[in-house]
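User: I'd like to go through this model and see what backs up each label. Can you set the values against the cut-offs for me?

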Amino acid sequence: MGDKEDARKARYANTDRERMRWYDMVGLCTKCGNDMQSATSKWCKSCAAKQSKMVMAREKRLVANGLCRKCGKKPFMSKSVSYCAGCYEPVLRRAKAWHKPYLKMVFDHYGRKCACCGETEPMFLTIDHVNNDGNVERKAIRSNALPKHIVDSGFPKSYQILCYNCNCGKHRNGGVCPHTKKGDFL
Ligand SMILES: [Zn+2]
Ligand SMILES: [Zn+2]
Ligand SMILES: [Zn+2]
Ligand SMILES: [Zn+2]
């Protein structure tokens, strides 16, 4: 109650900065001052949603003009990477950093070696779908989101670690690694 009263007073504060500080102190949206801050930002849910809608519209406009979605100054690298090289670098770094701890958990759970040939060099290791239904799933989950998906679903038995060789061999050999069952390839 008292807080609301304080916030109302704050609306008459001398400067915008001062007012925003007030809103922040009493937990109100620092943009509109009407609603409570959301859990993830100093703005209320509707202000945050409006802002992200605006950002999305801006990015869409830039990309439609062939420009980097972030800086809007340089042309983007490609249709699938709609950033210029300079803006993409930190994005990529963050994406990698984000997915790394999950990948580590996945390797820790399934073992840091190829389930077929025993290869242990981490650079060679990949996540394999035991039942060869990776294509179906890949459409639903972006590949760098797969480790998190596996952790979230409690490390299902439908995954294993294979090296690139065994993984490729398995797909070329109709679902069984040629180490296990020789097939004719050439
Ligand atoms: Zn607001
Ligand atoms: Zn850029
Ligand atoms: Zn292998
Ligand atoms: Zn193998």
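User: What makes β1 and β2 a pair of strands?

Analyst: Pairing takes at least two bridges between the strands. In this predicted model, five bridges join β1 to β2, so the pair passes that cut-off. The two strands run antiparallel. One of the bridges sets aspartate 128 against glutamine 160 in β2.

User: How do you know that β2 is largely enclosed?

Analyst: Count its residues: four of the five in β2 are buried, so the rest of the structure largely encloses the strand. Buried here calls for 20 or more other C-beta atoms within 10 Å. β2 also has the highest mean pLDDT among the elements of the chain, at 96.

User: Which element gives the most to the largest nonpolar core, and who is in that core?

Analyst: The core has eight residues: Cys114, Cys116, Leu125, Ile161, Leu162, Cys163, Cys166 and Cys177. Strand β2, residues 159-163, gives the most, with three residues. There is also a second, separate core of six residues, including Tyr23, Leu28, Cys29 and Cys47.

User: What is isoleucine 161 in contact with, leaving aside neighbours within four places in sequence?

Analyst: Isoleucine 161 has Phe107, Tyr110, Gly111, Lys113, Cys114, Ala115, Leu125, Ile127 and Asp128 as contacts. To get on that list, a residue needs its C-beta atom within 7 Å of the one in isoleucine 161.

User: Why are the buried residues of α7 said to be on the same side?

Analyst: The residues in question are Cys166, Asn167, Gly169 and Lys170, in a helix spanning 164-172. Their arc around the axis is only 170°, which puts them on the same side of α7. As background, an α-helix has 3.6 residues a turn, so residues three or four places apart point the same way. What covers the buried residues of α7 includes β1 (125-129) and β2. Just after the helix, glycine 174 takes a positive phi of about 70°.

User: Phenylalanine 155 has a positive phi too. Why is phenylalanine 155 called partly exposed?

Analyst: Phenylalanine 155 has 14 other C-beta atoms within 10 Å. Exposed would need 12 or fewer and buried 20 or more, so a count of 14 lands in between. The residue is in the loop between α6 (146-152) and β2, and its phi is about 50° although it is not a glycine.

User: Where is the lowest mean pLDDT among the elements?

Analyst: In helix α5, residues 134-140, with a mean of 61. Where pLDDT is low, the predicted coordinates should not be read in detail. The chain as a whole averages 88, and 89% of the residues score at least 70.

Conventions:
Residues are numbered from 1 along each chain as its sequence is written. Chains are lettered from A and ligands numbered from 1 in the order in which they are written. This is a predicted model: local features need pLDDT of at least 70, side-chain atom pairs count only at pLDDT 80 or more; totals for chains, interfaces and linings use all residues. A nonpolar core is a set of buried Ala, Val, Leu, Ile, Met, Phe, Trp, Tyr and Cys residues joined through C-beta atoms within 7 Å. Two residues are in contact if their C-beta atoms, placed from the backbone, lie within 7 Å. The arc is that of the directions from the helix axis to the C-beta atoms. pLDDT is the predictor's confidence in each residue, from 0 to 100.
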